[in-house]
Amino acid sequence: MQVTRRQFVKYTAGGIGATSLVALGFSPKKALAEVRQFKLAHTSETRNTCPYCAVDCGIIMYNLGDRSKNARTEIIHIEGDPDHPVNRGTLCPKGAGLIDFIHSPTRLTHPQYRAPGGTEWQSITWDEALDKIARLMKADRDANFVARNADGLTVNRWLTTGMLAASASSNEVGYVTHKVIRSLGILSFDNQARV
Ligand code: SF4
């Protein structure tokens, strides 16, 4: 095929133009990478804290559903919160896999109770669990509270019950939990650092 000088200049200019467009991000590959944005287009965001360890990374959970009554929402994506001062959007592999934890078929979604001497666990409601915990705490505190020591000094101790706080507690939750537990007289208090 014969190519005139004019045709050569025209084809060369077209080729350079196409290459430049690719360099500027107009390639089909780049366009396909934008699909993720559309996946989240109709979701609503909820900010939360990764429950796995005491680093307390901030997360954003994206869920489908408009939260109207009787509508079932579903979390479809979780990522690090870029505005969170602890992690600035980053997550370690455990945090990055949170979506699998949420949808795991073996995930416990209700409190479990096993009666003294029993061998079977049973699911109970949160109200039942909280009532049970409150009743047991009151009975134990009434029976074992130490107002004064052997020298007559006021000590207000409750030594027969301890408290283990969750690793996902924020500073504020940790502060309030500490105040409540100490005001009851409990001395054994720890914070779970890693799940
Ligand atoms: S498990 Fe990982 S993502 Fe979760 S709080 Fe700890 S460091 Fe952050």
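The paragraphs below go through salt bridges, the ligand shell and a surface patch in turn.

This is a predicted model, in which local features need pLDDT of at least 70 and side-chain atom pairs count only at pLDDT 80 or more, while totals for chains, interfaces and linings use all residues. Residues are numbered from 1 along each chain as its sequence is written, and side-chain values use heavy atoms, with hydrogens and water left out.

Side chains of opposite charge can pair when their charged atoms come close. With a salt bridge taken as a side-chain nitrogen of Lys or Arg within 4 Å of a carboxyl oxygen of Asp or Glu, the count comes to three. Arg47, Asp81 and Asp83 are linked in a network of these bridges: the closest N and O atoms are 2.8 Å apart for Asp81 and Arg47, and 3.5 Å apart for Arg47 and Asp83. Asp81 counts as buried because its relative accessibility is 4%, where buried means under 20% relative accessible area, exposed over 50% and partly exposed in between (1.4 Å probe, protein chains only). Asp83, by contrast, is exposed at 56%, and Arg47 is partly exposed at 47%.

Around the ligand are Cys50, Tyr52, Cys53, Val55, Asp56, Cys57, Leu91, Cys92 and Gly95, each having a heavy atom within 4 Å of it. Among them, Asp56 is buried, with a relative accessible area of 12%.

On the surface, Leu130 counts as exposed because its relative accessibility is 52%.
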